[in-house]
Amino acid sequence: MNKTTELFTSHRSERSYLDKPIPDDVLDAIIQSAHLAPTSVNSQQVSLIVTRDPERKARIAELAGGQPWIAKAPVFITVVLDMHKTQLGIAMSGKQQHAHESLESLIAGTTDVGIALGTLMAAARSFGLGIVPIGGIRREPQELIDFLQLPELTFPVAGVAIGYVDTPAHQKPRLPLNSFRHDETYHQDVLPAAIEQYNHTLVTHWQQTGRADGDNWGDNTASYYQHIYFPKVLPAILQQGFKLDK
């Protein structure tokens, strides 16, 4: 273990922030780190919308389903899949983009968004800041698209709140490592025992951190995945000009 791996293994999703601004040079360094992160075929199909205005953060918090830590954190960054930028670059070379017409492009693009998001979080934590990634911005995607004035062939995939921590969060336990790491081939046989063990571990964690009503992993995940999580995503993606039929 070294300082870098210790940074990753000590991750906590922080939802309590001080009313303290992030210095511009620190924020610039965090963003520069994500700017230089790798992307598929050097497409650089990621853009960031940095929100610091309190009223605008409050609106994003509302659109995300009422998440007050978005408004409380001094900075919220929306990570955008941006094939508008690639389309323009291709057009300036006298050619036509077709990649956005395929499901594969969405997979590649959201992978790049995930890499940028992970880089933002690691860079922020290296400066002693707390973070919490936010998927709830996809709850009302078209309203957020309009609010951020995103052009066609863009989509707000995820966001991250960044700030100085007030009350630190507890680190949540994870499934056993053998459910995550599979050597050579996927090992289905280890999953039932791993899940059963983790169900007990997670309930114990909730009890120890003051949440006696906390569900086990299966029940908690079912509360989200028994239905389509954010059903407005597909129509918004299509409205933005993406296609999924190739």
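UniProt, in an unreviewed entry, puts the feature "domain: Nitroreductase" at residues 10–164; such annotations may be inferred rather than shown by experiment. What you're looking at is a predicted model, where local features need pLDDT of at least 70, side-chain atom pairs count only at pLDDT 80 or more, and totals for chains, interfaces and linings use all residues. Residues are numbered from 1 along each chain as its sequence is written, and side-chain values use heavy atoms, with hydrogens and water left out.

Within residues 10–164, 44% is helix and 19% is strand, and the end C-alpha atoms sit 16 Å apart. Helices here are DSSP runs of H or I with at least four residues, strands are runs of E with at least two, and both are numbered from the N terminus.

Now for the pocket. The largest one has a volume of about 1,500 Å³ and 39 lining residues; Ser13, Arg15, Lys172, Asn220 and Tyr224 lie nearest its centre. (A pocket is an open set of points on a 1 Å grid where a 1.4 Å probe fits, with protein on both sides within 12 Å along at least five of seven lines; lining residues have an atom within 4 Å of a point. The volume is the space filled by probe spheres set on the points.) Helix α9 (217–225) is one of the elements giving at least two lining residues, along with α6 (103–126), β3 (130–134) and α8 (191–208). The largest share, five residues, comes from α9.

Tyr224 turns up again in a ring cluster with Tyr225, Tyr229 and Phe230. Rings of Phe, Tyr and Trp (its six-membered ring) pair if their centres lie within 6.5 Å; planes under 30 degrees apart are stacked, over 60 edge-to-face, and the rest tilted.

| Pair | Type | Centre to centre | Angle between planes |
|---|---|---|---|
| Tyr225 and Tyr229 | edge-to-face | 6.3 Å | 70° |
| Tyr229 and Phe230 | stacked | 4.3 Å | 10° |

Going by relative accessible area (buried under 20%, exposed over 50%, partly exposed in between; 1.4 Å probe, protein chains only), Tyr225 is exposed at 62%, Tyr229 is partly exposed at 37%, and Phe230 is buried at 10%.

Two arginines also meet rings. Arg56 has its charged end over the ring of Phe147, 4.0 Å from the centre, and Arg211 does likewise with Trp206 at 4.1 Å. "Over" means NZ of Lys or CZ of Arg within 6 Å of the ring centre and within 35 degrees of the ring normal.
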